[in-house]
Amino acid sequence: MDNEARLMRAMAAASPPSVDPGFMIAVMEAAERQRFRAETAHRLLRVAGMAAAAAALAAPFWGWAAANAEALQNGILMAGGLLALVAFTRVMTQRATAALHG
Amino acid sequence: MSPDEEARLIAAARSGDSRAFAALVGAHRQAVRGFLRRFTGHWADADDIAQEAFVTAWRKLSRFEGRSTFRSWVSGIGFRIARDARRAHGRSTVRDTAWADHQDGGEATAPLEDRIALEAAMADLPDEQRAAVAMCLGEGFSHSEAAGILNLPLGTVKSHVARGRERLLRALETTDG
């Protein structure tokens, strides 16, 4: 056998097996682990960002709320009453419509 | 795999389809592993590096611009990981563990003494020359493909392959097969 052929045969000896499910499984498991880690980190960052934004918005509100507790209470009661009135009106409108067309 | 099929799988993998990525790995794992086995001289390490290269490719798939083939891109990632690992750990471990690889055989058809002589001669080649030889002679990459992966001029790669081949042939001559 000439040296060229010996070289090619010796080179070919390092070829990996054509069928090797173990390698595929290892790669895909590692890839999925990587994706899970990235997604978890992304989700955590988003939650932390939202929490920080909410805290930043709430901080000045708490100061104002403490100074205007009575006005705030009246405002909440008024808003609740307004919502109740809207809900009551909607229900009555639906019933009246049903009675007229029924 | 046709370029169209590869482009379709890359697009699907980019959108998170792991089965498409598995198909890409399946199509190119032999070339990437074969190249890294010849480049590092240590099969188990090479397979670990190939695994790391594919996982890195999965993570950075959105940055793949399609200027080369997927095989070239992953081989380039593997080459850089292997080169950095070699620089960190030194070259001595290659020869120390080479025997273990020959013991577990693989798909060995060449005489053991030829494989050992080749591995020793490969280990003596400079990194870029060894990489060019491993790609072009070992896995049938084109010279221009290897030039892109190694970020070298085409003429330099051709010269590396020719000189590397001569040195490997001389090493085999001295083993008197």
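Predicted model: local features only at pLDDT ≥ 70, side-chain atom pairs only at ≥ 80, totals over all residues.

1. Residues are numbered from 1 along each chain as its sequence is written, and side-chain values use heavy atoms, with hydrogens and water left out.

2. Chain B holds nine helices and zero strands, where helices (H or I, at least four residues) and strands (E, at least two) are DSSP runs numbered from the N terminus. Of its 177 residues, 51% are buried, that is, under 20% relative accessible area with a 1.4 Å probe and protein chains only.

3. Among contacts (heavy atoms within 4.5 Å) in chain B between residues at least 6 apart in sequence, 64% join residues at least 24 apart.

4. In chain B, the axes of helix α7 (residues 127-138) and helix α9 (residues 154-175) come within 8 Å and cross at roughly 85 degrees, which makes α7(B) roughly perpendicular to α9(B), a term for angles of 65 to 115 degrees. Axes are lines fitted to C-alpha atoms, for helices over the stretch in contact, and angles run from 0 to 180 degrees between N-to-C directions. The residues that meet include B:A132 and B:V133 from α7(B), and B:V161 and B:G164 from α9(B).

5. On chain A, A:F61 lies in helix α2 (residues 21-67) and is partly exposed, with a relative accessible area of 38%, partly exposed being the range between buried, under 20%, and exposed, over 50%.

Methods
Chains lettered and ligands numbered in written order. Parallel < 35°, antiparallel > 145°, perpendicular 65-115°, else oblique.
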